[in-house]
Amino acid sequence: MTSPPRLRSHALSATDDPFASLTDPAASREPVRRSTSDDGAALPPPIKRVVLDRTPRPIDPATDVVAPIAKDQTLGPERLRIEHVSIGYGEARVVKDLSLSIHQGEVLALIGPSGCGKTTFLRSMNRLTEQTASAWREGQILLDGRDIYETELPRLRRKIAMVFQQPNPFPMSIFDNIAYAIRVQNRKTPGKAEVRERVVDSLRRAGLYDELGGDLDKPALRLSGGQQQRLCIARAIATNPEVLLMDEPCSALDPRSTAVIEDLIGELRESLAIVIVTHNLAQAHRVADNVAFMYLGDLVEHGPVDQVFEQPRAQRTRDYVAGVFG
Amino acid sequence: MSSAPVVPRPVTPVPTTPQERRPVQPAGDSVRNWRLRHRIAHGAAWAAGIFVIAVTASIMGFMAWKGLHYLNPSLIWQRPTPGLAQGDTGGIRDPLIGTLLATFIGTLFAAPLGIATAVWVGEYGKPAKLARAIESAIEMVAGMPNIVLAIFGLAIFQLPFFSFLSFKAQGGGVYGRSFIAAGLIMSLIAIPLIYTATREGLAQLPAKLREGSWALGKTKICTIRTVLLPQIRPNIATGIVLGMGRIVGDTAIVVVLLGAALQIDPVGDTPGLNVLRGGGSTLTTYVYAASPAGEGNAPQKAYAAAFLLLLIVVFLNALVGWIGRRTKNSEITQ
């Protein structure tokens with residue numbers, strides 16, 4: 001894959017700019033190539049002539065954003081509904097007027113180039129973004145029809161669990177890692193026997209129990225990276241959440257561990273709604289039912305995985321999925 | 001301590017003939033070719049380092065020679081008594097107990113206060129102005145001369161309200177000097193060290209640890225107690241030991257707030273509490289009193305006590321180093 005022009009620095013300011021099409025990779029790719037191949041050698045290095053193949057014109061993001069097409073009816077009840085959500089930090093608007101809904105039994109993959117607001121959006125669903133001092137949010141996120149700001153924060157996060165990019169087990173034993181998640185604010189009840197049952201159960205569901213051979217007192221940090229990440233998944237599902245958020249859960253793992261976790265996602269989806277952020281398009285294709293493509297904070301396209309990858313309706317989706325930029 | 005098994009590295013063949021070997025030092029790069037000023041600076045840096053070692057070694061050697069000469073078990077177990085001849089002045093039991101007691105009380109107050117302050121500033125810290133104010137207040141306390149803290153403490157503890165902490169005369173005058181009073185003020189000189197160590201420990205913890213806990217629906221305080229503080233236990237321990245070292249070495253507060261009497265002087269009848277309410281001395285003030293500069297006139301015992309004091313401080317320093325090394329070995333947070 002040829003390395004595309006870096007777009008990250010423009011990512012937050014581009015859409016209101018009348019020259020936004022300069023940052024549009026479809027427009028800027030050609031001229032950049034031409035200037036280097038034809039007359040690049042003749043020019044002194046710092047000066048680069050930019051040749052535009054068409055007049056700059058502002059892109060109206062709304063024209064691209066495609067309403068979701070009818071859902072597969074086999075999905076379970078609706079869990080999360082996102083209505084006109086915008087999120088930003090200070091002046092910057094990172095997620096722009098995003099609406100979609102997530103059902104039980106569904107795996108929704110959020111794809112898009114770096115800096116397009118995927119992670120911010122994901123972290124706003126369990127209200128982790130509000131830890132950042134300058135963060136703000138507009139619109140509504142509803143969990144089972146209730147605004148997530150109406151639910152008490154600890155309870156909300158037990159219903160909307162999260163797995164992070166880096167495996168982050170706590171420096172305790174495997175058992176304590178999961179027991180910590182099960183106990184509400186370290187309360188003594190439920191008792192040890194019942195906690196143990198639930199610990200074993202969630203380790204089984206995460207496919208880790210048999211590998212451990214019953215040694216739950218081992219320090220969690222002795223596990224391999226893939227095992228640590230599965231421990232984090234076990235920890236996240238230990239509270240029987242309704243939604244599982246995954247922020248690039250495999251980006252720090254080797255291909256074999258990745259495959260194990262992808263299988264796991266397939267097994268977990270029956271009882272959960274899963275939202276997964278990934279940079280790996282092949283992975284999105286393998287695990288997801290629906291795909292949402294975000295670009296510069298806009299939800300460009302949202303639809304079933306086959307449709308998004310094979311018949312994308314928006315030009316930007318087509319370019320991204322084809323590996324043109326990102 | 002268990003170390004990882006040593007894996008033998010693949011050995012690269014060492015060139016044997018002189019022609020193959022390359023000179024480690026490029027030709028011409030020797031001190032003789034340096035400019036004179038650089039040579040002088042180079043030599044001065046060496047000399048300064050060696051001078052520091054020499055001074056330290058001579059202090060340690062001198063104190064060890066004198067101290068070991070005069071230190072004996074009976075000296076440690078006997079109570080000090082005022083006397084004109086050196087043979088009548090007894091031992092250093094009370095000052096030794098005084099040092100341990102003052103350190104214990106000071107640490108007892110300083111550790112929770114220092115840790116709690118660091119946790120608040122590091123993990124909550126809102127409003128930011130208040131956090132900054134606390135930060136500069138702690139820096140100011142750290143910079144205050146001990147004697148200033150001591151006379152402030154005396155002014156406080158001589159108030160009638162605090163008469164329960166020390167001896168109260170018939171007329172109602174409050175002496176204001178006791179182990180508890182001295183310990184409280186001594187905690188002030190240890191708090192900045194404990195605060196700083198805890199603060200730094202919290203700051204170096206990766207964000208993913210906190211977020212991982214928050215994402216499980218844990219409150220901040222639960223996260224701090226269960227995940228964060230156990231992780232920085234070595235930092236806290238280092239801070240506490242450093243603080244203890246400061247308290248052990250302090251003299252000004254002992255003179256002003258403990259009375260620096262030779263013997264521990266209980267006040268009241270409650271066992272335990274009477275010692276806390278009473279005055280006494282520590283090894284530092286005993287060294288002063290027994291030295292030729294003081295009035296005790298027992299220089300040999302001053303040397304013995306000074307050596308013991310030095311031993312305690314060296315032990316505390318070694319403890320800091322040991323905690324630090326142990327942490328590095330078991331460093332597991334990426």
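A: One term to begin with: contact means heavy atoms within 4.5 Å. This is a predicted model, where local features need pLDDT of at least 70, side-chain atom pairs count only at pLDDT 80 or more, and totals for chains, interfaces and linings use all residues. Residues are numbered from 1 along each chain as its sequence is written.

Q: How many salt bridges between chain A and chain B?
A: One. A salt bridge puts a side-chain nitrogen of Lys or Arg within 4 Å of a carboxyl oxygen of Asp or Glu.

Q: Which residues form the salt bridge?
A: R123(A) and E211(B), with their closest N and O atoms 2.7 Å apart.

Q: New topic. Where does Q283(A) lie?
A: In helix 11 of chain A, residues 281-287. Helices are DSSP runs (H or I, at least four residues), numbered from the N terminus.

Q: Is Q283(A) buried or exposed?
A: Q283(A) is buried, because its relative accessibility is 3%. Buried means under 20% relative accessible area, exposed over 50%, partly exposed in between (1.4 Å probe, protein chains only).

Q: What is Q283(A) in contact with?
A: Leaving aside neighbours within four places in sequence, Q283(A) is in contact with C250(A), T258(A), E262(A), T278(A) and A288(A).

Conventions: Chains are lettered from A and ligands numbered from 1 in the order in which they are written. Side-chain values use heavy atoms; hydrogens and water are left out. Helices (H or I, at least four residues) and strands (E, at least two) are DSSP runs, numbered from the N terminus.
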